[in-house]
Amino acid sequence: MPIYYLEINIICIIILLAIFDKFKDESLNNYSDKYYEKTLLATISFSLFALISGIFNGTSYNFSQIILIISHTLYFFSESLIGYFYTNYILKRINLQEKREYKFILYIPLILSIFFLIINLTKKILFTISIDNLYSPGKYLYLYNLINAVYVLIIITYLISYYFYNKNSKNEIKSLILFTLLPIVSAGIQNYNYGIILGQVGFTLSELLIYFNNQKKEANYDELTGVYNRRAFNKRVNKIIYSNKSMFLMLMDADDFKIINDKYGHLEGDKALIQIAYILNRAINNTHKNYSLARYGGDEFVIVGNIQNKDEVAQLINQIEEEEKKYNKETNNKYNIKLSIGYALQNDNHTSVEDLIKEADALMYAKKRKRKNNC
């Protein structure tokens, strides 16, 4: 076995252990983070058993054959575990609601993989270890790979559908698709070209990129609502304002939000903020425009984007009000969510982002005062 085979596996294990050690201290302990940790552990096992198989492949020790059978069996099982945990991670990342049918479907490939690996111990349908302790793929290995490919099909199907459904998450979905295809292509090449070291490298690179992507997301997204934070908003709005295209800036906050906090508690207030972000995201999606939504601070949210005319702003406001009514009608909350909205259209009088915010803020509070007076 070439020395680089051992070195690559060792390097992959070291990188994965470093990611795992770093990530477990930063984990929010939610479902997606838990599945990411399990994916890391499964990939560490995958590389470890590949390393053991490489060390003993072709050796003449009395125990070499049994070690090779066990290590290759656990190697293939680890690959199935990666598929199971990674699929769960992706589905949690895109907030797919958990259902019994969906959980059962994800178990099926894993159960079938275990069944094939048990059968292989006597029938040698997936791989064989010769008397010289050399590995050879079995005639039904392709079937085993097709079973695990079900996870790929599930991931790609949901990511593509979510890509067209949630237009504000296009960049994130593109990243998740890339992170998925990278190990799939590399593992596929390795499965049919034994001796080429790509599977471990593909999985390791994918999980390293996911970690970096999560770090970037934490720096730019509001932890509670999942929309851009103020830091990311400042970067985004500065790009738009200097793009030489017409733009708008819209400010919103919830009427009587303090009453929600005081009467029902801060946990209910947090829930209300999450729902406001949901309403605004839905409204933006309905316009089919690439507007940017951010939590500006407290219960204030801001939307910015390029427009061709004032009617597009009116369309967005109408969509917000429609989604607001729909949410209040369909939920059984003890309170209604009502947003006051102010906006500013960029013109020669605006020399900075602060000018736009000031104008939108003044209009928003004028509408809020008018609504209170009417009440």
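A: Buried means under 20% relative accessible area, exposed means over 50%, and partly exposed is in between, with a 1.4 Å probe and protein chains only.

Q: OK, is I129 buried or exposed?
A: I129 is buried, because its relative accessible area is 13%. I129 is found in strand β1. Helices (H or I, at least four residues) and strands (E, at least two) are DSSP runs, numbered from the N terminus.

Q: What kind of model is this?
A: This is a predicted model, in which local features need pLDDT of at least 70, side-chain atom pairs count only at pLDDT 80 or more, and totals for chains, interfaces and linings use all residues. Residues are numbered from 1 along each chain as its sequence is written, and side-chain values use heavy atoms, with hydrogens and water left out.

Q: What does the protein chain average in pLDDT?
A: The average is 86, and 92% of the residues score at least 70. pLDDT is the predictor's confidence in each residue, from 0 to 100.

Q: Which elements have the lowest and highest mean pLDDT?
A: Helix α6 has the lowest mean, 78, and strand β1 (residues 127-129) has the highest, 94.

Q: Back to β1 then. How exposed is T128?
A: T128, also found in strand β1, counts as partly exposed because its relative accessibility is 29%.

Q: How far is T128 from L117?
A: They are 12 Å apart in space, C-alpha to C-alpha, and 11 residues apart in sequence. For I129 and N145, 16 residues apart along the chain, the C-alpha atoms are separated by 19 Å.

Q: What about K124, where does that lie?
A: K124 lies in the loop between α4 (100-123) and β1. Its phi is near 55°, a positive value in a residue other than glycine. K124 counts as partly exposed because its relative accessibility is 34%.

Q: And H288, what is its phi near?
A: Phi of H288 is near 60°, also positive in a residue other than glycine. H288 lies in the loop between α10 and β4 (292-297). H288 is exposed, with a relative accessible area of 58%.

Q: Which residues of α11 are buried?
A: They are E312, V313, L316, I317, Q319, I320, E323, E324, Y327 and N328. Seen down the axis of α11, the buried residues fall within an arc of 160°, so they line one face of the helix. The arc is that of the directions from the helix axis to the C-beta atoms.

Q: And which are exposed on the other side of α11?
A: K310, D311, K325, K329 and E330 are exposed there.

Q: How about α2, what should it span?
A: The 26 residues of α2 should span 38 Å at 1.5 Å a residue, and the end C-alpha atoms are 38 Å apart, which agrees. T39 lies in helix α2 (residues 31-56) and is buried, with a relative accessible area of 1%. After α2 comes G58, whose phi is positive, near 80°.

Q: What lines the second largest cavity?
A: A254, D255, F257, I260, A272, I276, N336, I337 and K338 line it. α9 (257-264) and α10 (266-287) each supply at least two residues of that lining.

Q: And which residues lie nearest the centre of the second largest pocket?
A: E79, N148, V152, I184 and A187 lie nearest its centre, out of 21 lining residues. Helices α3 (64-93), α5 (141-165), α6 (170-191) and α7 (199-220) each supply at least two residues of the lining.

Key: On a 1 Å grid over the protein atoms alone, a cavity is a set of points where a 1.4 Å probe fits but cannot get out, and a pocket is an open set with protein on both sides within 12 Å along at least five of seven lines; lining residues have an atom within 4 Å of a point. The expected span of a helix is 1.5 Å times one less than its number of residues.
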